[in-house]
Amino acid sequence: MQTVELSKEINPHFFDMWTTDKPYIVCNGGRGSFKSSVISLKLVTIVEQYAQQGLKVNIICIRENQKYLRDSVYNQIIWAMDILHVSDEFITRVSPMTITHKRTGSTFYFYGANDPLKLKSNIVRNVAAVWFEEFANLKNVDVFDQSVPTFIRQKPTFMDKVRIYISYNPPRNPYVWVNEWIKNCENDPDYFIDKSTYLDDELGFTTVQQLKLIQQYKKNDPDYYRWLYLGEVIGLGTNVYNIDHFHLIDQIPLDDPIRAIFYGMDVGHEVSATSVVAAGLSIKGNLYVLDNWYYSPAGKVNKKPPSELAQDIHFFIEEMSDKYNMYPAQMTMDSAEGALDNQYYRYFSVHWHKVHKLKTIDMIDRVQDLLAQGRVFVLDTPDNQIFMEEHKKYQWDENTMQSDDPQVIKVDDHSVDAFKYLVLDNERELGLKY
């Protein structure tokens, strides 16, 4: 193992966390604090220390869903191996997802918490450490409570304890289970709790570009900045969105042309409206709400059937395509809707993409992230006035706010839902990291 000066790779803030002898190490705080980087370096160091003694140890890495493993904890461990100059000592595999030390057989195993039976029936021996990354994204604490005893039983005979590492960004809602859970941990002598932010970066790992982005959040939405980067539990408020963050404009600036058009659709039924939001992603990364096709059957004797809705929506998309000389990059709709999609496909041989919906608060987070960066602009068209009005009125249901799953008032929210689906389904293209 090539000599690495860890004091140049780990900010002084984390020295106590690195050296603590407590079995449970909780690292929470804001985005960009490098807590996950430090944990990954610690885990690789543990494997290397025992490898020098010819001993085999295994590490368990867990996220809330298996599909997120490769882009997060798996790549984070590979990054740590590169930093420590030990990559050539390991074999990496993605099916099954493992990273194995060639000489000792010590292995990193990666599990999704969405398969709790696999965690509870763990047969991996010699477990030295377990890492729960993005811990707050677990549905509840049950997976943790039920799986940790299993891993602890598999500790090596030459170790006195299994180390449990937990990392997450605190949710805004004070009533989410993890915010209640951490209060109990604060009085438990077995827990070391660390809170960090990007301001703890004394070694200058945060780039100038990142700092500029952080300042952009701070300027546009101070509360969102406090939550996202300072890790403060700021609460939800009553109104979901600050309407001032939807910047109303007359035209798209000449120096920021759009490069892709996305469509999001929320389908109504007998008494509720159908909305299709068209939004253009610009070369500067801004999102321009171009227009909003909106049909409400309320008060109408003869309501439009799916066959007529499909034709009207297709005509709207063709109009947008002609106006901006650009075909749709993505057409997204509610995953629960089938009839209108089938009708649309029958007429035009095109299926809408069914969005994989998340909890309401998680979908809202994507939109609020864009708004806090000052990247959402709305063209001043007649139907976009409906878009603006619905977002202005969009509110949390006060009867659910003191719960871990707050809900919104489902009234006049059709363009709101359409926009949420659009943003969620294109979060990678929009540069949103979750």
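Start by selecting Lys304, which is partly exposed, with a relative accessible area of 27%. The model on screen is a predicted one.

The structure holds 19 salt bridges. Select Arg163 and Asp21 next; their side chains form one of these, at 3.1 Å from N to O. Which parts of the chain does this pair tie together? Arg163 is in strand β7 (residues 163-168) and Asp21 is in the loop between α1 and β1, so the pair joins parts that lie 142 residues apart in sequence. Is Arg163 buried or exposed? Arg163 counts as buried, because its relative accessibility of 16% falls under the 20% limit.

Move on to Arg428 and Asp71, whose side chains meet in a salt bridge of 2.8 Å, N to O. Arg428 belongs to the segment after α13 (414-425) and Asp71 to helix α3, so this pair ties together parts 357 residues apart in sequence. Arg428 counts as exposed, with 66% relative accessibility, and Asp71 is exposed as well, with a relative accessible area of 52%.

Then select Lys410, Asp413, Asp417 and Lys420 together: a network of salt bridges links them.

**The nonpolar cores**

Select Met17, Leu43, Ile77, Phe108, Phe110 and Tyr165. In the largest nonpolar core, which has 37 residues, these touch the most other members. Colour the elements that give two or more residues to this core: α1 (15-19), β1 (24-29), α2 (35-51), β2 (58-63), α3 (70-83), β4 (97-101), β5 (107-112) and β6 (127-132). Which element gives the most? That is α2, with 8 residues.

Centre the view on Leu43. Neighbours within four places in sequence aside, Leu43 is in contact with Ile59, Ile77, Phe108, Ala129, Trp131 and Tyr165. Another core lies apart from the largest one; its 32 residues include Ile243, Ala260, Leu370 and Phe387.

**Aromatic rings**

Show the rings of Phe, Tyr and Trp. How many aromatic pairs does the structure hold? There are 29 aromatic pairs. A pair of aromatic rings is described by the distance of the centres and the angle of the planes.

Select Phe132 and Phe144. Their ring centres are 5.2 Å apart and their planes stand at 65°, so the pair is edge-to-face. Phe132 is in strand β6 and Phe144 in helix α5 (residues 142-153), so the pair ties together parts 12 residues apart in sequence. Phe132 is buried, with a relative accessible area of 1%. Phe144 counts as buried too, at 4% relative accessibility.

Compare this with Tyr288 and Phe377. Here the ring centres are 5.3 Å apart and the planes are at 25°, so the pair is stacked. Tyr288 is in strand β12 (residues 287-295) and Phe377 in strand β15 (residues 376-379), and the pair links distant parts of the chain, 89 residues apart. Both Tyr288 and Phe377 are buried.

For the last stop, select Arg172 and Trp227. Arg172 lies over the face of Trp227, 5.1 Å from the ring centre.

Note on methods. Residues numbered from 1 in each chain as written. Predicted model: local features only at pLDDT ≥ 70, side-chain atom pairs only at ≥ 80, totals over all residues. Heavy atoms only, no water. Core = buried A, V, L, I, M, F, W, Y, C linked by side-chain atoms within 4.5 Å. Buried < 20%, exposed > 50% of the residue type's maximum accessible area, 1.4 Å probe, protein only. Helix = DSSP H or I, 4+ residues; strand = E, 2+ residues; numbered from the N terminus. Contact = heavy atoms within 4.5 Å. Phe/Tyr/Trp six-rings, centres within 6.5 Å; stacked < 30°, edge-to-face > 60°. Lys NZ or Arg CZ within 6 Å of the ring centre and 35° of its normal. Salt bridge = Lys/Arg side-chain N within 4 Å of Asp/Glu carboxyl O.
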